[in-house]
Amino acid sequence: MYRSIQLMVICLLVSGSLSAVQAADYTIDPAHSSVSFKIKHLSISTVIGHFGKFSGTVNVDPANLTTLKTSATIEVASVDTSEPKRDEHLRSADFFDATKYPQMTFVSKEVKVISGNKLSITGDLTLHGVTKPVVLDTVFDGAIKDPWGSQRVAFTAATTINRKDFGITFNKTLDSGGLMLGEEVRIEIAIEAMTKK
């Protein structure tokens, strides 16, 4: 009986916190967000990088996550793997070709609630001049009204793409017969978005 009362109280608190945050247009807060990627190097290690400049919007009713719509733009020249020479190579025509294709974009098309706060977001990713559908495995991390009068929502998401599908094919064959770089790239996103005051 006591456990049932506890569960009822928790449900009421969660419901109340969500009801305080209404459906709205949210702008990604880059100071509290990140876009990163991972790729295999020499088949044994992992290189991790991130993009320093990105923007986007989220429209969602936290009480009805199927309403979610989102779009984002990433400046590929802002790539940072903590190695300047490698970053310059990534900006070159061998990889992102940042001069010709300065932006990577994502536009959501469909949202499915898998269970609880777990979502599947299908959308179009445009990279290196190529547009392909991708699926983001997404977790809704919560909604809150901050101390400064804005509403905020947060999500984490991840997907894996094959870079060759987007025309990024550069590689080198090792003396051992393997390849210098993997073809699959893991993209991981942590977003906090806010309304205007």
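## Strand pairing

In this predicted model, β4 and β5 make a hairpin, with two residues between the strands. β4 covers residues 54-61 and β5 covers residues 64-75; the two run antiparallel and are joined by seven bridges. Within this pairing, Asp 61 stands opposite Asn 64 of β5.

β5 also pairs with β7 (residues 103-115), again in the antiparallel sense, through five bridges. Here Ser 71 faces its counterpart Val 107 in β7.

## The largest pocket

The largest pocket holds about 470 Å³ of space. Its lining consists of 22 residues, and those nearest the centre are Phe 37, Ile 39, Leu 90, Phe 95 and Leu 181.

Several elements supply at least two lining residues each: the strands β2 (34-41), β3 (45-51) and β11, and the helix α2 (84-91).

## Arg 163

Arg 163 is in the loop that links β10 (151-162) to β11 (181-194). Which side chain of opposite charge is nearest to Arg 163? That side chain is Glu 183, 6.3 Å away. A salt bridge requires a distance within 4 Å, so Arg 163 has none, although the residue is buried.

Leaving aside residues up to four places away in sequence, the contacts of Arg 163 include Ile 168, Thr 169, Phe 170 and Asn 171, together with Leu 181, Gly 182, Glu 183 and Val 185. Arg 163 also touches Ile 39 and Phe 95. Ile 39, Phe 95 and Leu 181 are among the residues nearest the centre of the largest pocket, and Arg 163 touches each of them.

Conventions
Residues are numbered from 1 along each chain as its sequence is written. This is a predicted model: local features need pLDDT of at least 70, side-chain atom pairs count only at pLDDT 80 or more; totals for chains, interfaces and linings use all residues. Side-chain values use heavy atoms; hydrogens and water are left out. Helices (H or I, at least four residues) and strands (E, at least two) are DSSP runs, numbered from the N terminus. Buried means under 20% relative accessible area, exposed over 50%, partly exposed in between (1.4 Å probe, protein chains only). Lys and Arg count as positive and Asp and Glu as negative; His and the chain ends are not counted. Contact means heavy atoms within 4.5 Å. Two strands pair if DSSP finds at least two bridges between them. On a 1 Å grid over the protein atoms alone, a cavity is a set of points where a 1.4 Å probe fits but cannot get out, and a pocket is an open set with protein on both sides within 12 Å along at least five of seven lines; lining residues have an atom within 4 Å of a point. Grid points are joined across faces, edges and corners, and a volume is the space filled by probe spheres set on the points.
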